[in-house]
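Trainee: I would like to learn how to read packing and contacts in a model. Could we go through one together?
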Amino acid sequence: MSTTSPHQEVQALYCAHHGWLQGWLRRRLGNRHDAADLAQDTFVRLLRLDQEQRPQELTRPRAYLAAIANRLMLNLYRRRSLESAYLEILAQLPETQVPSPEYGLQILEVLHELDAILARLEPKVRQAFLMAQLMGSSQQDIARHLDVSVRTVQRYITTAYAECIVLASSTPEMP
Amino acid sequence: MSASPIPREIALQAAEWFVHLQDPQASAEAKAKCMAWRASHPQHERAWQFALHFQQQLHHVPAEIALPALDRPRSPDRRRLVKVLSILLMSGTGGLLAQQNLPWQSWKAEQRTATGEQRRQRLSDGSLLHMNTGTALDIAFSRQQRVLHLHQGEIMLEAHDDPLQRPFLVQTTAGRVLTLGAQVLVRRFDQQTRVGVQQGTVVLGPDASPESLRLSAGQQASMQAQGASSVTSLAYGAGAWVHGELQVERQALADFIAELGRYRSGILRCDPAIAQLEISGTFQLDDTDRILQALAHTLPVHVSYRTRYWVNIDARHS
């Protein structure tokens, strides 16, 4: 078993692979700035792992690092797509419904939290769930809209909640 | 203490109870059984609390914001790319991570402009992409080709020659616009896609038809899945928006208002009585209110604001 401390292990990984990872990210993102940020975030994430989450030995460190970086990249895209959708929604709202800047920031934070979980659902499951919870649509209406049976809609909503519980209770963003 | 995920069976039970009790007609007996279930194990209660927290968070956001934001379309291309990439990363030998073995993809998040927003960006091949108001697209460059999926809105693309000789495709549901190098305007309407060429040549390929149509500089045509329209000359002022201008010559006021409305949030309503009045000129799009005021000075119309987001243009009664 390793006799070095976890921090030393991460530091060794950093020295050996940080440059490579940054190049790998830059080719995918097409952007130096994001690549530098995400490369840093990858190692920060490694540092934060608990003893039990940390792999005992890395036979392929670059594959492991790339997997973490990939997840971070997807999160970045998802966050940006949410934020741009949010701005577009604000731009279309009637004046009386546009939130104040402070409240708007709060709303956006909550949206990020919800989106991180809902993003993992199948599209129809997510749609059924949101229609029921946000629009108060009847199960018949949802069934018609999604072209499935009412039974399936009930299953979708229950599944959605179950997934949300599992996802919300898991350590976030493990590779 | 690190959190441990709730086991799926318990999560499912909690979800069933939670959904059941949301029904206002849930019986007192059901409520009592639920409480008993929650109390019977700490994980049960924990699962319940997660569901409750999630529901509370959901209702924290106004529904008219939450629904379109959380239910927004996720690009199908991106999901496929993600699947491919994650399969490759999770399996196989270390050699998979070498540049030459992975599919060489550079993809970006869905690109969008808000109402009234215009944006210009340089793509990784050096081409210049101008996005007009209310546009949504995905960029998907690969080793074989440069693809742009236009979901909504309008673009002007200055497609540069590619050192790799990859063709450039703008794809919509009507079909595709193919070019090796050109300056082209593409606008998506609901049922059709309109293409205008400022420089170079493009080929239109409707999705459901084997025919193709070649357009050169100064030409314009529309494309539906079933086929392309005949070729006309490029409309007057077609690319003026790229310079932030709306340029028209003897355009019917109703059409002008419809165009102007693309750059404004809210409603612009034109009285049918004045719909056929003609308007000409070049207008700066960065201030649509100023354009509306100009209308009131040059035409016999009255512009009234019910709110900032609701403007009526009526005949002026003198």
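Trainee: With which residue does Glu163(A) form a salt bridge?

Mentor: Keep in mind that this is a predicted model. Glu163(A) pairs with Arg8(B). Their closest N and O atoms are 3.7 Å apart. The cut-off for a salt bridge is 4 Å.

Trainee: How many salt bridges are there between chain A and chain B?

Mentor: The count is two.

Trainee: How many residues does each chain bring to the contact, and what area do they bury?

Mentor: Chain A gives 64 residues and chain B gives 61 residues. Together, chain A and chain B bury about 5700 Å². Carbon and sulfur atoms account for 64% of that area.

Trainee: Now helices. What describes a packed pair?

Mentor: Two packed helices are described by the angle between their axes and the distance between those axes. Start within chain B. Helix H1 (residues 8-22) of chain B packs on helix H3 (residues 42-60) of chain B at an angle of about 55°. Their axes are 9 Å apart. H1(B) and H3(B) are therefore oblique to each other. The crossing of H1(B) past H3(B) is right-handed.

Trainee: Which residues of H1(B) and H3(B) meet?

Mentor: From H1(B), the residues include Ile10(B), Ala14(B), Trp17(B), Phe18(B) and Leu21(B). On the H3(B) side, Ala47(B), Trp48(B), Ala51(B) and Leu52(B) are among them. By class, this contact of H1(B) with H3(B) has nine nonpolar, five polar and no charged residues.

Trainee: At what angle do H6(B) and H7(B) cross?

Mentor: Helix H6 (residues 253-261) of chain B and helix H7 (residues 288-298) of chain B cross at roughly 165°. Their axes come within 12 Å. That makes H6(B) roughly antiparallel to H7(B), because the angle is over 145 degrees. The crossing is left-handed. Leu253(B), Phe256(B), Ile257(B) and Leu260(B) of H6(B) meet Thr288(B), Ile291(B), Leu292(B) and Leu295(B) of H7(B). The classes in this contact of H6(B) with H7(B) are seven nonpolar, one polar and no charged residues.

Trainee: What about a helix pair across the two chains? How does H5(A) pack with H3(B)?

Mentor: Helix H5 (residues 123-134) of chain A packs with H3(B) at an angle of about 70°, and their axes are 11 Å apart. H5(A) is therefore roughly perpendicular to H3(B). H5(A) passes H3(B) in a right-handed crossing.

Trainee: Which residues of H5(A) meet which residues of H3(B)?

Mentor: Phe129(A), Leu130(A), Gln133(A) and Leu134(A) meet Phe54(B), Gln55(B), Leu58(B) and His59(B). By class, the contact of H5(A) with H3(B) has five nonpolar, three polar and no charged residues.

Methods:
Residues numbered from 1 in each chain as written. Chains lettered and ligands numbered in written order. Predicted model: local features only at pLDDT ≥ 70, side-chain atom pairs only at ≥ 80, totals over all residues. Heavy atoms only, no water. Axes fitted to C-alpha atoms, helices over the stretch in contact; angles between N-to-C directions. Helix = DSSP H or I, 4+ residues; strand = E, 2+ residues; numbered from the N terminus. Parallel < 35°, antiparallel > 145°, perpendicular 65-115°, else oblique. Left-handed = near helix turned anticlockwise from the far one by under 90°. Contact = heavy atoms within 4.5 Å. Nonpolar A, V, L, I, M, F, W, Y, C, P; charged D, E, K, R; others polar. Buried area = accessible area lost by both parts, 1.4 Å probe. Salt bridge = Lys/Arg side-chain N within 4 Å of Asp/Glu carboxyl O.
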